[in-house]
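Trainee: Could you help me see how the words used for a structure follow from the numbers?
Mentor: Gladly; let's look together.

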Amino acid sequence: MSSLLPDFPWDTIASAKQRAAAHPGGLVDLSVGTPVDPVDPLIRAALASVAEVPGYPTTHGTPQLRTAAVDALKRRFGITGIAPEAVLPAVGTKELIAGLPRLLGLAADDLVVIPEVAYPTYEVGALLAGTRIARADGLTQLGPQAPALIYLNSPSNPTGRVLGVDHLRKVVAFARERGAIVASDECYLGLAWDERAVSVLDPEVCAGDHTGLLAIHSLSKTSNLASYRAGFVTGDPALVRELLEVRKHAGMMVPFPVQAAMTAALGDDAHEARQRERYRARREVLRKALREAGFRIDHSEAGLYLWSTRGENCRTTLDWLAERGILAAPGDFYGPTGTEHVRIALTATDERIAAAADRLTP
């Protein structure tokens, strides 16, 4: 099975990381979007409060968790019409995305559509299921083909691009015409900076009809729960039931203490607002420094990254940054059209962000 997969992307930048780490001021690692700020005490207390519970958790998650997710989606993003039964926790959204084609029973003749520049796990999930793959941002690129599954990612990783309501409506209409499922990765929905980001489940997009639609949400970003592996999927109740049945048989359960932590995180907006402000401030520092250093920043209207270019091959830019002790992710990780960009993450401490900005300053 491993022979079907591409090389793990981060293994290919080991030499650049080694050069960057040799900088006298130490490494500034802006290559991976992993949180560096502490988990809020409210969430940690919820985790610890049920640490003594010995029994198995349920695959579907506690009623409290599912209700908290429904309420948070309505309160934070205006998403309505979701029943708690249509929420399913996942062991991190990467696991869910990588397994989704197989969980849905897709086969070799099925077509999975992924964005042209995309988080690599969409492609990996299709490869693991043995399906056909097409990279396409525009529906006309698909011609008469009838996909089985269409992945959306707005705000995008790596580009930070936000898909507007009209675009999302067209995708939903297209998918329904051709019998496709739409899986919308919305992990960065709470980190919109320059444009409003909307869910595929927003009433403006689907008029309250969630048929054929799945929205995938993560608590890794603004709740700093990457180490907890905490995410969930919601949308079409029939599809969620199908995923639940398969996951029950496979024993794919989120640990009970993590479910309690997720419930607390989804019920509290204050910690999320504080974390969002940290990222906003870091974004301003990095964006200014990159532009002064001659970079052009494309898209990046939302999310945890600045999609940046010097008009050259991304590996050349990677080396230029490594000489200054900064590690970024080369755009070729994300698809053939990303070869002139690097993805620069906001996920470093204030001190390391300031160090990067100082090293970038001409």
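Trainee: Which backbone oxygen does the side chain of T347 reach?
Mentor: The side chain of T347 reaches the backbone oxygen of V32, at 2.9 Å. Keep in mind that this is a predicted model, where local features need pLDDT of at least 70, side-chain atom pairs count only at pLDDT 80 or more, and totals for chains, interfaces and linings use all residues. Residues are numbered from 1 along each chain as its sequence is written, and side-chain values use heavy atoms, leaving out hydrogens and water.

Trainee: Why does T347 count as buried?
Mentor: Buried means under 20% relative accessible area (1.4 Å probe, protein chains only). T347 has 2% relative accessibility, so T347 counts as buried. T347 is found in the loop between β13 (342-345) and α12 (350-360).

Trainee: What is T347 in contact with, leaving aside its neighbours within four places in sequence?
Mentor: Contact means heavy atoms within 4.5 Å. The partners of T347 include D29, V32, Y279 and L304.

Trainee: Why are α4 and α8 called roughly perpendicular?
Mentor: Angles of 65 to 115 degrees count as roughly perpendicular. Helix α4 (residues 93-103) and helix α8 (residues 237-250) pack at about 100°, with axes 11 Å apart. α4 and α8 are therefore roughly perpendicular to each other.

Trainee: Which residues meet there?
Mentor: E95, L96, L100 and L103 in α4 meet E242, L243, V246 and R247 in α8. The residues of this contact divide into five nonpolar, no polar and three charged.

Methods:
Axes are lines fitted to C-alpha atoms, for helices over the stretch in contact, and angles run from 0 to 180 degrees between N-to-C directions. Helices (H or I, at least four residues) and strands (E, at least two) are DSSP runs, numbered from the N terminus. Angles under 35 degrees count as roughly parallel, over 145 as roughly antiparallel, 65 to 115 as roughly perpendicular and the rest as oblique. Ala, Val, Leu, Ile, Met, Phe, Trp, Tyr, Cys and Pro count as nonpolar, Asp, Glu, Lys and Arg as charged, and the others, Gly among them, as polar. Buried means under 20% relative accessible area, exposed over 50%, partly exposed in between (1.4 Å probe, protein chains only). A polar contact is a pair of N or O atoms within 3.5 Å; within protein, one must be able to donate a hydrogen and the other to accept it, and residues adjacent in sequence count only if both atoms are side-chain atoms.
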